[in-house]
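Look at the model first, then read the points below.

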Amino acid sequence: MTKHARTFAIACIFTCLSTSFVFADKPGNPAAVTSQDGKYADKDGNPTYKVDKDGKVDFYSYIGFVRYSANCLQCHGPDGLGSTYAPSLVDALKSIDYGTFLATVAGGKKDVSASQQLVMPSLGENKNVMCYIDAIYIYLRGRSDGAIGRGRPAAHESKPAAFTTAEDSCMG
Ligand code: HEC
């Protein structure tokens, strides 16, 4: 097993418990077609956001905003918009799918050809990131599709009991 595959496998212990995902080039249609305990999935079974007509978001989108802001914002800028230091994830998520997103966050990425050194750290062993990686993905997917605006979502669904259970067992 390569180091990369091992890191991804570790990440998978945290994230692949309830979700089966497929690998594809594009993230696909984001419409939520199923839900389990307040967590929504698209037709391929990948995690997705849900925003109602009043702008209220699902709980995962909300917690994703919080966790993004704590762990990714310092490089990727407020609301996923990018900085001089790291690319916009609002743009990136238009062309990378869930599997690629997970692998990149867990294993890191280094652009050696860039005139400026660009290094995405490998975060696969950081529980503050990996225990919430689906939520971060869901939030960024909503940002990337223009369904979730800038800043803290004003209203969100209540916290599902299943979220607390999963969080407790993941964070240990
Ligand atoms: C220390 C700074 C830093 C932190 C913290 C960081 N990133 Fe990155 N990230 C980068 C840089 C720099 C790149 C560009 C790497 C490259 O182009 O090779 C990148 C690239 C990425 C990419 C790939 C984008 C693409 O176009 O393929 C994803 C996805 C990503 N980061 C997600 C995240 C998430 C989610 C978090 C928080 C959990 C995070 N990053 C935290 C610096 C960071």
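Angles under 35 degrees count as roughly parallel, over 145 as roughly antiparallel, 65 to 115 as roughly perpendicular and the rest as oblique. Keep that scale in mind for the helix pairs below. The model is predicted.

**Helices α5 and α7**
- Helix α5 covers residues 98-107 and helix α7 covers residues 133-144.
- The two pack at an angle of about 125°, and their axes are 11 Å apart.
- α5 and α7 are therefore oblique to each other.
- Their crossing is right-handed.
- From α5, Tyr98, Phe101, Leu102 and Val105 take part in the contact. They meet Ile133, Asp134, Ile136, Tyr137 and Leu140 of α7.
- The residues of this contact comprise eight nonpolar, no polar and one charged.

**Helices α2 and α7**
- Helix α2 spans residues 59-71.
- α2 packs with α7 at an angle of about 100°, with the axes 7 Å apart.
- α2 and α7 are therefore roughly perpendicular to each other.
- The α2 side of the contact consists of Tyr60, Ser61, Ile63, Gly64, Phe65, Arg67 and Tyr68. The α7 side consists of Ala135, Ile136, Ile138, Tyr139 and Leu140.
- Here the residues divide into nine nonpolar, two polar and one charged.

**The iron site**
- His76 (NE2) and Met120 (SD) coordinate the iron atom of the ligand, at 2.0 to 2.1 Å.
- The site is octahedral, with angles of 88 to 179° among the six donor atoms.
- His76 lies in helix α3 (residues 73-76) and Met120 in strand β5 (residues 118-120), so the pair ties together parts 44 residues apart in sequence.

Conventions: Residues numbered from 1 in each chain as written. Predicted model: local features only at pLDDT ≥ 70, side-chain atom pairs only at ≥ 80, totals over all residues. Heavy atoms only, no water. Axes fitted to C-alpha atoms, helices over the stretch in contact; angles between N-to-C directions. Helix = DSSP H or I, 4+ residues; strand = E, 2+ residues; numbered from the N terminus. Left-handed = near helix turned anticlockwise from the far one by under 90°. Contact = heavy atoms within 4.5 Å. Nonpolar A, V, L, I, M, F, W, Y, C, P; charged D, E, K, R; others polar. Donors = N, O, S within 2.8 Å, 3.2 Å for Na, K, Ca; no water. Tetrahedral: all angles 85-135°; square planar, octahedral: opposite > 155°, others 65-115°.
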